[in-house]
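Colleague: Could we go through this model together, beginning with the ligand site?

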Amino acid sequence: MEYYENVLEAVGDTPLVRLGRIEADEGISACLLAKAEYFNPGGSVKDRPAVKMIEVAEKAGLLKPGGTIVEPTSGNTGAGLALAAAVRGYKCICVMPDKTSREKQDLLRALGAEVVVTPTGLTPEDPESYYAVAERLAREIPGGFKPGQYENPANPLAHYETTGPEVWRQTAGRVTHFVAGMGTCGTITGAGHYLKEQNPEVKVVGADPEGSIFSDPGNVHSYAVEGVGEDFYPGNHDPAVVDEVIQVDDRESFLMTRRLMAEEGLFVGGSCGMAAVAAVRAARGLPESAVVVVLLPDTGRNYVSKVFDDEWLLEHGGVSPEDLTKPHRVFEEED
Ligand SMILES: Cc1ncc(COP(=O)(O)O)c(C=O)c1O
C-alpha cells in the first residue's frame, strides 16, 4: 500500500511546470519554469513553514497538547496552521487585516480556525494592528503559542530543507535564476540560501509590489496584491541572499495572473502574476541554457471575487476595460 500517515506528509514535492506559451509570446529563449505551490494540501506554499514551525515548537516544548496556535496571517499560513492544528489536536486562531479576501476568511473558518479581523493599514506598533492583536491573544490565552512567521527561523528553514532542494533536484542542478515574491521572506531566504550553497552563481531575484519596502523604502503605500510586500523589514529578511528586487505594479500583476490561467491553465493568485512578471523581466535576453524558476505561491480559488472578477479588477486593480479585451496581450517592457 502506498499512503501518507497523515495529510501533513503530503506537503511539498510540488511540480515544476514550463511556461511555454508565455516564453514564446515574450520572445524568451531561456527555459521558464513555474513551481506550482497550489498543489500543497492547504493550497499554498505556506503549508511548508506552517508544518515546520509547529514541529519545531513541539520539540522545543513551546506548544503542548491542547494548546492554541495564534498567528497574524493573510490567510495562507493560516490554512497550513489550521491543517496542522486539526491533525495534531490544537486550537487555531488567525488574525488578519480586513483587506483580506472574504473567501480566505471563510475558508479558514471552514478549516476549523477562529478568525479575528482587524483594520488594514495600521503600523505594527498600533495596538489594533493584526500583529499586535495576535501578540496579545497568544500572551493572554493559556497554552497560547504564536509561531511568528516573520521572525521564526523555522520558516526559512522549511524552504531550506524542502523548496530549495526540490528546485535543485527537479532542474538537475541547472537552475540559473530563482524568482520569488517577498512577504515574510521565508521562501526567498531559505530556498535562496540553499540554491546559492549548491551553486553560488544562481541569481536570486525578489518580486515586490509597488508600494512595498523591499523595492522602494522611500515610497511605502498601499496596494491591492495580497500576501506579498511589507511596510517593515521582517526578521527573516536577509538582503545578502537577494541579488535583485524587481518592482511590479498591481495592473501588471493582475493581468499576468489572468494570463497564467488563460495561456497556461495555471489557476493561481495575484502574487503569482506578480512573480511571473518579474520572472519574464529577469529572463529577457538570457540565453537558451538559462533555467529560470519562478515560485507561484497559491491558488486562484482564494480570489474568485477579486482578480477573477472583472468589476473588482477595473475598480481596484488599476486595469482598464481595454486591457480586458486582450486576454493574450503580450507583456510590454516598461524598463
Ligand atoms: C499569496 C502569497 N504570496 C507570497 C507570499 C510570500 O512568501 P514569504 O512569506 O515566504 O516571503 C505569501 C506569504 O504570505 C503569500 O501569502
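This is a predicted model: local features need pLDDT of at least 70, side-chain atom pairs count only at pLDDT 80 or more; totals for chains, interfaces and linings use all residues.

**Ligand shell and domains**

Modeller: Among the 19 residues around the ligand, those that come nearest are Gly183, Thr184, Thr187, Gly227 and Pro297; a residue is near a molecule if its C-beta atom, placed from the backbone, lies within 6 Å of it. Two elements give two or more residues to this shell, helix H3 (76-88) and helix H7 (186-198); helices are DSSP runs of H or I with at least four residues, strands are runs of E with at least two, and both are numbered from the N terminus.

Colleague: Which element gives the largest share of the shell?

Modeller: H7 does, with 3 residues.

Colleague: Which domains does the shell draw on?

Modeller: At least three residues come from each of domain 1 (7-39 + 162-318) and domain 2 (47-145), with bounds from an automatic or database domain assignment.

Colleague: How many residues are in contact between the domains?

Modeller: 17 residues of domain 1 are in contact with 17 residues of domain 2, contact being C-beta atoms, placed from the backbone, within 7 Å. The domain centres, taken over C-alpha atoms, are separated by 24 Å.

Colleague: Changing topic, how do strands S4 and S5 pair?

Modeller: S4 (residues 91-97) and S5 (residues 114-118) pair in the parallel sense over 5 bridges; pairing requires at least two DSSP bridges. Pro97 has Thr118 in S5 as its bridge partner.

Technical notes:
Residues are numbered from 1 along each chain as its sequence is written. Two residues are in contact if their C-beta atoms, placed from the backbone, lie within 7 Å.
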